[in-house]
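Here is a short report on selected local features. Start with the sequence and the structure below.

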Amino acid sequence: MEGALTARDKIGVQDFVLLDAYTSEAAFLDNLRKRFRENLIYTYIGTLLVSVNPYQELGIYTENQMGLYQGVNFFELPPHVYAIADNAYRLMCSELSNHFILISGESGAGKTEASKKILQYFAVTCPMTESLQIARDRLLLSNPVLEAFGNAKTLRNDNSSRFGKYMDIQFDFKGIPVGGHIISYLIEKSRVVHQNQGERNFHIFYQLLEGAKEELLAYLGLERDARLYKYLSQGHCAKELSINDKSDWDTVSNAFSVIDFTDEDLENLFGIIASVLHLGNVCFTESAHGCATIPDTHEIKWVAKLLGVPPSALLFALTHRKIETRTEEVICPLTTDLSIYARDAMAKAVYGRTFTWLVNKINSSLVNKDFTRKTVIGLLDIYGFEVFDKNGFEQFCINYCNEKLQQLLIERTLKAEQAEYEAEGIEWEPIQYFNNKVICDLVEERHRGIISILDEECIRPGPATDLSFLEKLEEKVGKHAHFQTRKLAGPKGRKGIGWMEFRLFHYAGEVTYCTKGFLEKNNDLLYRHLKEVLCWSKNLILQECFLVAELQNRRRPPTVGTQFKNSLSSLLEILISKEPSYIRCIKPNDGKEPSKFDYCLIKHQIKYLGLMEHLRVRRAGFAYRRKYEHFLQRYKSLCPDTWPQWQGPPAEGVERLIKYIGYKPEEYKLGRTKIFIRFPRTLFATEDAFEFSKHQLVARIQATYKGCLERRAYLEQKRAATTLEAYWRGALARKEAERRRSAVQTIRKFIKGFIHRGQPLSPDDEEFVVLVRKNYILNLRYHVPKDILDKSWLRPPGILEDTSDLLRRMCRRNLVRKYRQGLPPNKIAQMQQKVVMSDIFRGKKEGYTESLNQPFANSRLDGDDISPKVLQLICAEKIQYGIPVIKYDRTAFKPRPRQLILTQKAAYVVDLAKIKQRIEYSTLKGVSTSSLGDGIFVIHISPEDYRQKGDAILQCEHVFEAVTKLAMLANKENLVKVVQKSLQFYVSPAKGGTIVFNNGPEEQVYRDKIGRLIVVSDRLLAR
Ligand SMILES: Nc1ncnc2c1ncn2[C@@H]1O[C@H](COP(=O)(O)OP(=O)(O)O)[C@@H](O)[C@H]1O
Ligand SMILES: [Mg+2]
């Protein structure tokens, strides 16, 4: 119902109970039409399902749909035949109770389809074991067989069931369908011998002719043309486009093989079917005495062959009648009419009993041999109320049946309603309804009912006719309020009632029946003679159908009416012991057209189906009732006290809730376990409020849910982060611990090493030594001297002294090398000169050390200083060095300023523009200086050389430089002498002089008295 509430504004209401104008037929119709227009063919009245035949495939019977309805609360989903089936099934499983589903409606309203859908639903959705699959298949396949023999094309329905069917599906305790049982009612036997225009005989005849193999047809003596058979061609529509007899034959043949039919069974069965066709073609002519004869016995022979009876006996039985009196048997011939009657009666009897045999045969294959307890769901697919222009005995029986079923429904519904009020402790609400028991009694009451009167009329001696039957009725039930005849009605009411007719006021409306044929149909007489012939039949099926015992039984067999009454009462017994569900089928139009909604026709059916009546009963009390838990669960959001959870008992919660919403006292009643709401509008208002709050709720639930998801994700992340952190911290801590451990070990080793420092190196010292080395080397980087003159060096630890030394030397050498590589060539030459100077003078002459840091000049004379003339004179020789000197002459020692110029080959003493002396290096004998700080040097020349003027005594400021350059140019470094105190010089080998060197307070050069040259140098004036 909740589903219905939600959908109500969309397309009508899903449950008529929620219709405000529940007494209005127009509102009812309008709701049905609205829904039908949208292809919503199902609507509830409470738990009753109203179904309108859509006459088109709607795609609502898929396995998906079945799955949808499986195990879902009845009211949760839109109305469907599956919901009814599932509800019954679930109740059966949970309560181990028996159920039935009553499907009623006009021919063509969709009853049989509904019952098939239910059967399919069980076949697909119920649990199944492999061994029980066969039972399920048989249940499913019993349908095509029964339809072939019991269904026919009528004007209203191409596949109209011409019998009532009640089928029990048996389930074991696990809910598996394990077996079944079928009861059939009142097969329309008259169809075998007569069909109206546009209608056909039972399907099986046509299927046999269309589908059977040639051999079978030949065996049965049949031709493949239905038009050849009288029983098949009266309706003039043997070929029907919408029916595929050939493929139906295949289906039926397959079904036969599954439902345990042996070849012999089939042979007998088709023998009977064929014999009926042959029988139909038997013709009679009238003899001169007015007796019937059969001129052509061809067909008789076939019938006799197929039924296994003597042809002559059959022929005789068809044309004669045996009349038994108390003392004797009289055989009298029949007229043609009576023979035709006898022939048709035989065809009907044979077919009718064969049908019963067929049902029994199917039942024996459906029987479950396991005798454990079973629960059942019964499907009753039975003709609905029928009202035609002319209504006969069949309509009388059918409408009587519906009357009985209606009574069952009213009783059950009302009883249930009242039981509910009692159980809930609600004040008794009297429900107004029409109890049709009076009509049932009118029909069925013993001795006084219509059926009894009919039976009496049938067995009464004397001439009984339909009219005398009518008179009996007028006499015996004429005063009944629901009975009327033309005579009884008086002048006003007689309109529409014929002389042969009587009218019954059924619960669904009045129906006028014509009594014509009542007696004959009720008698359903098969002449004894024919019965005897059939009892002798060799056909095994007929042997079962026509028992010899029947012949011996002298009592009249019960009439059709009584049989029907009895079977109906046993059906009702079956139904009363079970829980009911109802499906009411409605045919929307007579043309089998989809989407056509014929108001008039449907209104008619609503009436005959008693739907308004049912709705009134449902609505007589309260429109809606629901268990407190469910009501509270659905609407608890409408009251702050009950939302989100009501802690107390649900009943109190509901009370609080409805007080909050503002229900008026007349609108509701509170039962023991349920709340009862009287008007739909109250419920709708609540539902609207709920709809409104649902959106807010949904948003809130969504938000909470999303929050929850986020929080869960966050916590997950947090946990992950914490785990990561823990691992990382652990890793760090372990690393730190490891570091400390090794630090401790190192420290321990160092301490040990320190304790044993004086002793030879132990393994403990290894690291210390490495460290010291490393530290020293690393430290040394910053203290390596950058300059060759920087003598500083980082003090090494004891163990590294050798290394340090080595490094220091390497460093110095490197610095020296670098220094040397950085020197220009002239500087190198100077250095070489200095080296030579060092060889000559080091430690020998004063002022040497001081002179060291005075670089040698390339020359102490500029080009300008030297006279061009001189330059011209010595131009051939390249001047290497020049310096101003003082020359002391060799006798008087007079000082004279001169220039000393050194070339590659010789040394020149130059006086301005004049070369005073040229001393070729080859003649140079040596050079002398004193060991004191004076600037005197003497160039010794070989005294023998006449060209020379003798040794030259010179003085200059840069004595080391000049002497060194001279010695080097002359390549006579080893000839330089540093003399102590005095030296000798020569002018010629015979003549020479002495120079004495002294230190004194003052620097002076002079000639002493004895002609020596005295050179006094001041020590402090060292050069
Ligand atoms: N639910 C349905 N969906 C589609 N077609 C249907 C449905 N019910 C009935 N019909 C159509 O209506 C025809 C008559 O239905 P059927 O059940 O034989 O009627 P009934 O048994 O009441 O006489 C079917 O042959 C089928 O074509
Ligand atoms: Mg049917």
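Strands here are DSSP runs of E with at least two residues, and they are numbered from the N terminus. The model is predicted.

**A loop residue**

With that numbering, strand E20 covers 879-888 and strand E21 covers 895-903. Asp 889 sits in the loop between them. Is Asp 889 buried or exposed? The cut-off for buried is under 20% relative accessible area. Asp 889 has 16% relative accessibility, so Asp 889 counts as buried. Asp 889 can also be placed relative to Asp 951. The two are 62 residues apart in sequence. In space, their C-alpha atoms are 9.7 Å apart.

**Ligand 1**

How many residues surround ligand 1? The count is 15. The closest are Asn 53, Tyr 61, Gly 108, Thr 112 and Glu 113. Sorted by class, the shell has eight polar, four nonpolar and three charged residues.

| Residue | Part of the residue with the N or O atom | Distance to an oxygen atom of ligand 1 |
|---|---|---|
| Lys 111 | backbone | 2.8 Å |
| Thr 112 | side chain | 2.6 Å |
| Glu 113 | backbone | 2.8 Å |

On its own, ligand 1 has 550 Å² of accessible area, and the protein covers 86% of that area.

**A three-stranded sheet**

Strands E13, E14 and E15 form an open sheet in the order E13-E14-E15. The pairing is antiparallel. Which strands are at the edges? They are E13 (483-485) and E15 (509-514), and each pairs on one side only. From one strand to the next, the twist averages 25 degrees.

Strands of a sheet pair through backbone hydrogen bonds, in a parallel or an antiparallel sense. Strand E14 spans residues 501-506. Three bridges join E13 and E14 in the antiparallel sense. Thr 485 has Phe 502 of E14 as its bridge partner.

**Helix H8**

Helix H8 runs over residues 203-211. How much of H8 is buried? Eight of its nine residues are, so the helix counts as mostly covered under the cut-off of under 20% relative accessible area. The buried residues of H8 include His 203, Ile 204, Phe 205 and Tyr 206. Gln 207, Leu 208, Leu 209 and Gly 211 are buried as well.

Definitions and conventions
Residues numbered from 1 in each chain as written. Chains lettered and ligands numbered in written order. Predicted model: local features only at pLDDT ≥ 70, side-chain atom pairs only at ≥ 80, totals over all residues. Heavy atoms only, no water. Pairing = 2+ DSSP bridges. Helix = DSSP H or I, 4+ residues; strand = E, 2+ residues; numbered from the N terminus. Axes fitted to C-alpha atoms, helices over the stretch in contact; angles between N-to-C directions. Buried < 20%, exposed > 50% of the residue type's maximum accessible area, 1.4 Å probe, protein only. Near = heavy atom within 4 Å. Polar contact = N/O pair within 3.5 Å; in protein donor to acceptor, adjacent residues only side chain to side chain. Areas by Shrake-Rupley, 256 points an atom, 1.4 Å probe, with all protein chains shown as cover. Nonpolar A, V, L, I, M, F, W, Y, C, P; charged D, E, K, R; others polar.
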